[in-house]
There are 4 protein chains.
Amino acid sequence: MNAQNDSLRHHCGVAGFFNQEGENIPERLFYSLFSLQHRGQESAGIAYKKDGHLVVYKDLGMVSGVLSRYLAEQRVSTVGIGHVRYSTRGGNRLENAQPILVSCNKGEIALAHNGNLSNARELRSLLESEGSIFQSSSDSEIILHLLARSRQTLFYDALKETLGLLRGAFSMILIHNATLYTVRDPSGFRPLFIGFKGTTVAVASETCALEVHGIQDSREVQPGELITTDHEGTRAELFNREGTPGRCVFELIYFARPDSRIFNQSVHLTRKKTGAALARCDNVTADIVVPVPDSGSNAALGYAEASGIPMEYGLTRNHYVGRSFIMPNTSERELAVRMKLHPVKEAIKGKRIVLIDDSLVRGTTSKILVKLLKEAGAREVHLRLCAPEIKWPCYFGIDIPTRKELISNTMTPEEIARFIGADSLMFLPLEELKGCLDDPGGYCYACFNGQYPVPVETE
Amino acid sequence: MNAQNDSLRHHCGVAGFFNQEGENIPERLFYSLFSLQHRGQESAGIAYKKDGHLVVYKDLGMVSGVLSRYLAEQRVSTVGIGHVRYSTRGGNRLENAQPILVSCNKGEIALAHNGNLSNARELRSLLESEGSIFQSSSDSEIILHLLARSRQTLFYDALKETLGLLRGAFSMILIHNATLYTVRDPSGFRPLFIGFKGTTVAVASETCALEVHGIQDSREVQPGELITTDHEGTRAELFNREGTPGRCVFELIYFARPDSRIFNQSVHLTRKKTGAALARCDNVTADIVVPVPDSGSNAALGYAEASGIPMEYGLTRNHYVGRSFIMPNTSERELAVRMKLHPVKEAIKGKRIVLIDDSLVRGTTSKILVKLLKEAGAREVHLRLCAPEIKWPCYFGIDIPTRKELISNTMTPEEIARFIGADSLMFLPLEELKGCLDDPGGYCYACFNGQYPVPVETE
Amino acid sequence: MNAQNDSLRHHCGVAGFFNQEGENIPERLFYSLFSLQHRGQESAGIAYKKDGHLVVYKDLGMVSGVLSRYLAEQRVSTVGIGHVRYSTRGGNRLENAQPILVSCNKGEIALAHNGNLSNARELRSLLESEGSIFQSSSDSEIILHLLARSRQTLFYDALKETLGLLRGAFSMILIHNATLYTVRDPSGFRPLFIGFKGTTVAVASETCALEVHGIQDSREVQPGELITTDHEGTRAELFNREGTPGRCVFELIYFARPDSRIFNQSVHLTRKKTGAALARCDNVTADIVVPVPDSGSNAALGYAEASGIPMEYGLTRNHYVGRSFIMPNTSERELAVRMKLHPVKEAIKGKRIVLIDDSLVRGTTSKILVKLLKEAGAREVHLRLCAPEIKWPCYFGIDIPTRKELISNTMTPEEIARFIGADSLMFLPLEELKGCLDDPGGYCYACFNGQYPVPVETE
Amino acid sequence: MNAQNDSLRHHCGVAGFFNQEGENIPERLFYSLFSLQHRGQESAGIAYKKDGHLVVYKDLGMVSGVLSRYLAEQRVSTVGIGHVRYSTRGGNRLENAQPILVSCNKGEIALAHNGNLSNARELRSLLESEGSIFQSSSDSEIILHLLARSRQTLFYDALKETLGLLRGAFSMILIHNATLYTVRDPSGFRPLFIGFKGTTVAVASETCALEVHGIQDSREVQPGELITTDHEGTRAELFNREGTPGRCVFELIYFARPDSRIFNQSVHLTRKKTGAALARCDNVTADIVVPVPDSGSNAALGYAEASGIPMEYGLTRNHYVGRSFIMPNTSERELAVRMKLHPVKEAIKGKRIVLIDDSLVRGTTSKILVKLLKEAGAREVHLRLCAPEIKWPCYFGIDIPTRKELISNTMTPEEIARFIGADSLMFLPLEELKGCLDDPGGYCYACFNGQYPVPVETE
């Protein structure tokens, strides 16, 4: 489920560093953002304290291309934040790249934000009516306007006042003066971690961005928590204890890196569990379990173990096909898939295959994959998805197609199987998915069941 | 007077097009901005109406590099504006590139602005106190905030209200909805022209940017004038009839292109007149008149004619040395000058030279030039400047060094002559400069005499 | 076994197309070379017939970056060849990029060559003594000199004469006039395939580069075979029937893409077999089998199946770390490995691990991997290599470090285990490796046993 | 005479440095090549001794873009050469960029060559028949083949033997071992200078490339001279005393930089003389003399002085229009000229103009210029060319269009005047041109009179 235009896409990853004694903050941010590259590949940026002022460097492109040059020389600093981003609908505009750096009556503020506000339209409309101007289409600019307009004298009070106005998803990091502020919304939609090593305090969307620096001592930022890090140390406060839990279950199913641990669960092990759960619901007769690499790999391991059907690498993936690769002269989806995923003929010829993927969006990629497998000699292809049927849009930072485009809104599983040419098709039931989670009450399942943890602005 | 760090620098040039019937607006802007390249070489950008919305493309770099790619395909539009820019102190940041495009309660607004507000600090401070955020260090963002905050319902009224708050220099062009607004401040510091050809209405900082399109029917936008161009035609109004005249005399002396006609005067002929005026005040005995190319070329022609001393090209210029050329491994000014200006030994050997340049800032380049000429065999070098002594900073859009750095604030002409090694040195007296102007009462001479036409915020 | 400086590296991949009726040959080559990107990532190039002449486009960089722009427009042609390349010792020079295009008394010739000549020094020395000049350090230029110097009147005869002088590895493709020539050396060191679809004849190093175009009807070019393709069709001849068989076993173990079928064997299945063979020789007690991704992935599957020990993804790989990624400010190998391979703590904590990789060169990467796994909680790490000990250099196109740098030349397996911190270590015995091959007599095992199929020029 | 496609174009400029004590040779070459940029703007390159070997860096583009990066670090060397180049017919191919570096039986040789061999086809044909291969279409590769094939044991002898075989134009510089060889053909078609300062020996196409380093002590390399520079010093020998003199008079008329002194004449003063000579032949009644900048500037000064008609800058040039500027979306010549040359209306309105340019090729640019001037109000335009009618192609390094395209081969001066819309037109008679030269017998006038100093290979 990962070819062009047929995937769920994340909006962002964030990272931040504070070290009272000073260190090469841009380099720290570089390695953390590089580890979060899977969360956003269209723009990258850093902001940090330099010679008494905040500076920002950002551009369209991947971390390596955009930020390498800023690492050529040592730049000692005490505090910095960084961001990677996917574009939303409406194109990949530089104006939307983050961090955003502004100056206002509170002084200079830099912001890096992961998530979407669910009351963005209301807030923006209010701010515009009071005379605010917007230079981007990102929700994040709203937050800075609210901060600037707050009549609170202390930045900390203004920040708390602002947080009280925000609804939806916001795992975010700010710099004001020499202080680092770390915030997670009361529902905890997006993951966010804080870690410590020596005098370094590090914040990041996933643990993998801390572990690349050897930072093992880390904890999840709590939903509704506001953490302040400055020369006096790190202090935490719950600014809102009443959020409806809303951790994004798709972070576990698809987005996060398998070696990360988020929401107190190992991503890899959770995916294995979904595969095993799927196997337990299933009674298909098959010769081999074949994962769609890489999105179905971890779950397939669990399915194979639980079902006793041996795993086989029946599809290989060409990792040179990245998002940055635009295939010239072709809008043909089939060639796009063919360049990326390759059947291993000798391994699948004559075999009955259980094909494991994470989820189904439009179904177009799966249709081509089934075709490739059958052409390569597969006798049967049984598609198994480690998530329930996706039927509802996300308002909290995942770029899900419109309801009409979601295949599960227009076809039954049987119809889908016929459409994509599979011999059978099964989704993981929602209750089974919940069974794979330690704290099933703590999650948002809105894309499956339409029950949004917080009110949303429907169109 | 044009080697690195020893020159006056302009901030901007602007251009705009409106054609009710639609045409390739980006291409129009490209050629006009290319013709204004001498007014700003560090960033370039265009904003235009596309599919019902305003879009903006801008980047650091020269017009050709930044904008060529947007011309590959036909883009029919009815209205667009463009901008070229030098960076001010504080570095060449993308955030400061123009046009600026914002959305606010008035809808989408795009702005391209040439000039500096002389009450920028006051306005910014006021706006910040009311909660505005600033993403750049340019004055132009202030104007957009004021527009957004105006309680006037009609954009036109909001614009007039805003113009009433601005002090200083603002030749600017805006797009709101499908309408093009052209504004020049009441003192008329910076030039601005409007021209007509068929259904095309064109606006630009200098006539050369109109003539490249064969637009001959043009007039100067009046100081204090606000011109509205939409599907009903073009209407002009004087929003302020009481401005103290303040045309920038340096536009004629140095900035504008010689083939432009600004402030109702031919730039080339005015420069010739200053050279002739200088010659009339002078009684030096010399063999040849040598211009410093290109800044002294036009004036030298006038000096030679008036004095009867023959002109000689004793210095040639390497036009491959542009602003984009960063000489590697050297901070040495002498090499910088040597790469750019070359004595023609055979032409100057044994000669007594009248060396003509436009003005003197720090004097460092002139010192090297005199040295090069003498090394090449010049018997005497008499430096003549076609402007009075520069002693005061500019608050209206010219990047003049601080008072201390201006050589005329620390030395008498005789001392300067000794410092730079010239056998004599003469500035054009202010009264003589005025004599070269048709309307001497209409100009700002503040950089010479400290008399600013409007109040300024001194540091 | 794939972090920087601790890997075997391939030199090249080649592709060629002929279609009497004309088609977009550059686009064909683009997709084939993209599929061969794993065989060479430092330069890419194509040569094809255009308007009656051969043209060549090549540059340093990956296929996508170097060749995309040549696909913007339709370019119908009848014949073309392409090449991807790693640099050898001595740096990555553009001069060494291929195809090479020359003109000589035979007319224009374009050449793309995979492999190294084992009598290169002798031939080059001879040619230089007769007055030849060399503009690159590649062996391939030698072949073109020999062709030009041949006194044979017919190109075909000159080519056969030249082939008679070459020793070592040469899978190569040439264009002369409008004819495509495909050649494989008598030992068959490097793979080479020819396929047919409609009027298209395609040649490539691996089947995956044919299958991306849906070309299923293909066969291996035979060792010692010379195939001519022109408007009269395709004709094959064995120019040398007496070559000592020398297929490179490392193509199967490590280089080729898992979905390719080379030397009449499925790459993926062969790797599974080596894993299974290893398991059969092994009697270690362990909890999980962990592959080093991606080099050990296929074999691990075989090991797990044969041993009954469950496979677990204990290491994940960051695929954004490509060869093009130069880590700024660090020469530290550990950070390089840490950026690329990540332990999945929850999966390996307290576990006894069988770690599967393909082979061992210097051992430096394995040492870091074992450290990372133990830090992440692994109780025991037993390293298993699916190849015998590498002790000898390759003269046929694989970039193996010097004998001294090969860890197996300086330590016993027990010493290596201690050096890298593994609890035990085992290589696949050579006889077992042979058991995984359908035709064990057809291969070169020189890097393991020093028995070169053809004489070599030792230093 | 300098808009696209309507100009004579040079092929090359060369530079070389030797310093037994070592210095930053790449930086030296950079500044010299930058000063020679007017001689070639399509590729640039340097070769120098580094760590005991010759290395070469070259690419398509201007000096600043191609070579800046090689100056970031100090690179001490004892010897190096450089080259700038225009492409000839057949496109701008990287393969043709120089210096060329080869290895052969004489060792490593690097070559930078300015000029065209007039027996290139014969030599190439001979070499090909003996088995040589050519990787470029440049004549220069021929020279290296001849060197390699020479049976002389000593390089110096091989070089002399090779020089004996060459006909036509070759100002060239070679490195072999640690020695710098400087050669000029017996006719002396192209200029070449050698200069000395301290332990530095410098060679360059024009004196301006020496003077940028402050090297004043220089002399012309003699026609037929071979100069050897090594650790024992600099030694000169005349390898051929019998060349028919053939200095290219167009170097003085158009190509060389005005501040250069070549062929023992000041370029600037010679151009003034041609203008003066033209004035003496002329009896036109006019108000002003207007140069076409920059090609007619120097001559116009001479014309104005001699005629007593005042010079006026009636045309200004936009120096941002360089060769690198490709105007998007237009093949329209008029827009190209309009972007580059601008009439100064106020200066020419109602005036009778003598328009001075250097020479006439196709006449297309002049036609547009006359139109622009008349549109701007000129009463009369009398075109004067400071060179005779160009009627013959050049075989020695100037890219002159074919005979049919040369307007002087199809029209009389009167017809040309009518064609371009001028009120009258005059060429400088050949005898008058000769009168401007100190040594008129020493020049090649073949493009005017068809009398080639050496036999040529006509097509």
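Student: Which residue has a side chain in polar contact with the side chain of B:S132, and what makes the pair a polar contact?

Tutor: The partner is B:H145, with a distance of 3.4 Å between the two side chains. A polar contact requires N or O atoms within 3.5 Å; within protein, one must be able to donate a hydrogen and the other to accept it, and residues adjacent in sequence count only if both atoms are side-chain atoms. The value of 3.4 Å therefore meets the distance limit. This is a predicted model, in which local features need pLDDT of at least 70 and side-chain atom pairs count only at pLDDT 80 or more, whereas totals for chains, interfaces and linings use all residues. Residues are numbered from 1 along each chain as its sequence is written, chains are lettered from A and ligands numbered from 1 in the order in which they are written, and side-chain values use heavy atoms, with hydrogens and water left out.

Student: Why is B:S132 called buried, and where in chain B does it lie?

Tutor: Buried means under 20% relative accessible area, exposed over 50%, and partly exposed in between (1.4 Å probe, protein chains only). B:S132 has a relative accessible area of 2%, so it counts as buried. B:S132 is placed in the loop between α3 (120–129) and α4 (140–149) of chain B; helices (H or I, at least four residues) and strands (E, at least two) are DSSP runs, numbered from the N terminus.

Student: Is A:T162 buried or exposed, and how do you know?

Tutor: A:T162 has 1% relative accessibility, so it is classed as buried. A:T162 belongs to helix α5 (residues 155–165) of chain A. Not counting residues up to four places away in sequence, A:T162 touches A:I143, A:L146 and A:L147.

Student: How many residues and how much buried area belong to the contact of chain D with chain C?

Tutor: Chain D and chain C contribute 24 residues each. About 1,900 Å² is buried, with carbon and sulfur atoms giving 49%; buried area is the accessible area (1.4 Å probe) that two parts lose on being put together, summed over both. D:S103, D:I133 and D:Q135 supply 30% of the area that chain D buries against chain C, more than any other three residues.

Student: How many salt bridges does the rule find between chain D and chain C?

Tutor: It finds zero, where a salt bridge is a side-chain nitrogen of Lys or Arg within 4 Å of a carboxyl oxygen of Asp or Glu. Ten residue pairs are in polar contact between these chains. By class, the side of chain D that touches chain C holds ten nonpolar, seven polar and seven charged residues; Ala, Val, Leu, Ile, Met, Phe, Trp, Tyr, Cys and Pro count as nonpolar, Asp, Glu, Lys and Arg as charged, and the others, Gly among them, as polar.

Student: What makes C:E312 and A:K272 a salt bridge?

Tutor: Their closest N and O atoms are 2.8 Å apart, so the pair falls within the 4 Å limit. Across the interface of chain A and chain C, six salt bridges are found. This interface also has 17 residue pairs in polar contact. Among the elements supplying at least two residues to the side of chain A that touches chain C are α1 (25–35) and α8 (267–281), and α1(A) gives the most, with five residues. That side divides into 23 nonpolar, 20 polar and 13 charged residues.

Student: How do you know that chain A and chain C meet through the same surface?

Tutor: The copies do so because 100% of the interface residues of chain A are also interface residues in chain C. The contact joins 56 residues of chain A with 56 residues of chain C, burying about 4,500 Å², of which carbon and sulfur atoms give 57%.

Terms used: Contact means heavy atoms within 4.5 Å.
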